[in-house]
Amino acid sequence: MKAAVYYENGPPGVFKYEDVEDPACLPEGIVIEVEAVSIEGGDTLNRARGDLVTVPHIVGYQAAGTIIEVGADVKNFKPGQRVTTVNMYGSHAEKRSVFARTAWAIPDNMDIKTAAAIPVPFGTAHDCLFEFGRLQKGETVLVQAGAGAVGLAAIQLAKRAGATVIATASSNDRLEKLREYGMDHGINYRDQDLVAEVKRLTDNRGVNLVVDPVGGSTLQKSVLSLGYRGRISMVGQAGREEMKLDVSTMMGGNQSLSGVFLGAEIFTGRVYNNIQKLIEDIGKGELKVVLDKSFALKDAAAAHEFIESRKAFGRVTLIP
């Protein structure tokens with residue numbers, strides 16, 4: 001099969017488009033013919049500095065397609081079914097092998113690019129808001145990096161739960177686009193003082209919850225945006241800055257900070273069932289996956305460069 005691989009960490013230019021061996025099917029797994037790859041923020045971070053589990057390495061968390069092989073111990077899937085899948089690596093290829101426990105059936109009428117982009121962003125956003133963020137109806141949530149896939153999912157899920165949603169983005173144009181997904185108030189973090197604007201929008205109370213996929217210096221601003229008993233769900237380091245954080249202000253407000261990593265519980269029934277329900281909700285039109293550009297698999301370097309330019313609005317996909 002063809003795959004976008006690399007032999008060392010580095011910028012997008014380390015990708016090579018090569019023939020590699022087809023993946024083996026595990027007894028408790030499946031192999032799919034990949035029809036769409038959703039490039040995750042973690043994919044770009046892993047390419048830049050993550051461990052090379054294999055050499056050459058095929059990076060990538062998410063891909064959707066059609067099952068072509070089923071392991072001997074798998075009873076709930078069969079060849080020909082369309083699924084979306086998650087694994088720690090291996091998405092940037094024409095075929096991929098995953099555990100059946102990290103594959104989800106998709107509706108017959110669902111666009112395959114949409115399906116590819118669901119599990120990690122929507123599962124992560126849901127955990128940030130509800131499992132760890134304990135969001136309640138009527139509360140106010142601040143979503144950092146609202147135009148990213150996790151941010152777009154969090155905005156929709158929070159609004160559906162009856163929250164007031166404040167979101168940040170790098171331009172007024174991007175903020176305007178976020179309104180159709182449920183954002184009530186937008187903050188342009190390049191032009192506005194984020195913390196002062198949050199305080200103004202909340203009558204100086206601060207927010208109940210922050211979803212922060214950025215980290216770095218942004219996380220400090222998230223801490224300072226909290227109200228009494230406010231919570232932060234920290235879910236990434238998309239900003240790629242060194243993490244320096246002063247938490248001294250959190251004690252007086254009885255505030256809390258939780259790290260969230262969907263992969264730590266990806267094999268649990270809770271996460272599996274939750275993602276399947278989110279897929280169904282998207283299939284019914286209750287939530288929307290936002291897609292930006294698509295690139296050919298052989299152009300993986302250009303796709304990663306586009307993501308790192310921070311021009312994308314929603315998910316970028318690769319098509320084998």
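These are my notebook entries on a predicted model.

**Entry 1: the parallel sheet**

I began with the open sheet of 6 strands. I read its order as β10-β9-β8-β11-β12-β13, and the pairing is parallel. Next I looked at the edges. β10 (185–188) and β13 (256–259) each have a single partner strand, so one side of each is left without a neighbour in the sheet. I noted an average twist of 15° from one strand to the next.

β12 (residues 226–234) runs parallel to β13, and 4 bridges join the two. R231 has S256 in β13 as its bridge partner.

**Entry 2: helices across the sheet**

I looked up what α3 and α7 lie across. α3 (residues 119–131) lies across β8 (140–143), β11 (207–212) and β12, and runs at about 155° to β11. α7 (residues 216–224) lies across β11, β12 and β13, at about 150° to β12.

Which residues of α7 are buried? I listed G216, T218, L219, Q220, S222 and V223. Their cover includes β11, β12, β13 and α8 (248–252).

**Entry 3: strand β15 and its partners**

I turned to β15 (residues 315–319). The strand is mostly covered, with 4 of its 5 residues buried. I checked its pairing with β3 (residues 29–39) and found the antiparallel sense, over 3 bridges. There I39 has V316 as its bridge partner. β14 (residues 291–296) runs parallel to β15, joined by 4 bridges.

**Entry 4: salt bridges**

I count 18 salt bridges.

E40 and R315 meet through their side chains at 2.6 Å, N to O. The pair links distant parts of the chain: E40 sits in the loop between β3 and α1, R315 in strand β15, 275 residues apart. Are these two buried or exposed? Both E40 and R315 are buried.

E139 and R231 form a salt bridge too, with the closest N and O atoms 2.9 Å apart. E139 lies in the loop between α3 and β8 and R231 in strand β12, so this pair ties together parts that are 92 residues apart in sequence. I find E139 and R231 both buried. R231 is also the residue whose bridge partner in β13 is S256.

R205 and D203 make a salt bridge at 3.7 Å, N to O. R205 is exposed because its relative accessible area is 56%, over the 50% cut-off. D203 is exposed as well, at 59%.

The network links R160, K277, D281, K284 and E286. I looked up D281 within it. D281 is in helix α9 (residues 269–283). Its relative accessibility is 1%, so D281 counts as buried. Leaving out residues up to four places away in sequence, I see D281 touching R160, E286 and L287. R160 and E286 are among the network's members.

**Entry 5: surface and loops**

I looked for a nonpolar surface patch. V53, M88, Y89 and F261 make one of about 410 Å². V53 is in the loop between α1 (41–49) and β4 (62–70). V53 is exposed, with a relative accessible area of 54%.

Last, I checked S171. Where does S171 lie? It is in the loop between β9 (164–169) and α5 (172–178). At 22% relative accessibility S171 counts as partly exposed. I also looked up its separation from A301, 130 residues apart along the chain: the C-alpha atoms of S171 and A301 are separated by 25 Å.

Notes
Residues are numbered from 1 along each chain as its sequence is written. This is a predicted model: local features need pLDDT of at least 70, side-chain atom pairs count only at pLDDT 80 or more; totals for chains, interfaces and linings use all residues. Side-chain values use heavy atoms; hydrogens and water are left out. Two strands pair if DSSP finds at least two bridges between them. Axes are lines fitted to C-alpha atoms, for helices over the stretch in contact, and angles run from 0 to 180 degrees between N-to-C directions. Contact means heavy atoms within 4.5 Å. Patches are made of residues with over 30% relative accessible area and no salt bridge: like charges are joined within 9 Å, nonpolar side chains (Val, Leu, Ile, Met, Phe, Trp, Tyr) within 5 Å. Accessible areas come from the Shrake-Rupley method with a 1.4 Å probe; for residues, only the protein chains shown count as cover. A salt bridge is a side-chain nitrogen of Lys or Arg within 4 Å of a carboxyl oxygen of Asp or Glu. Buried means under 20% relative accessible area, exposed over 50%, partly exposed in between (1.4 Å probe, protein chains only).
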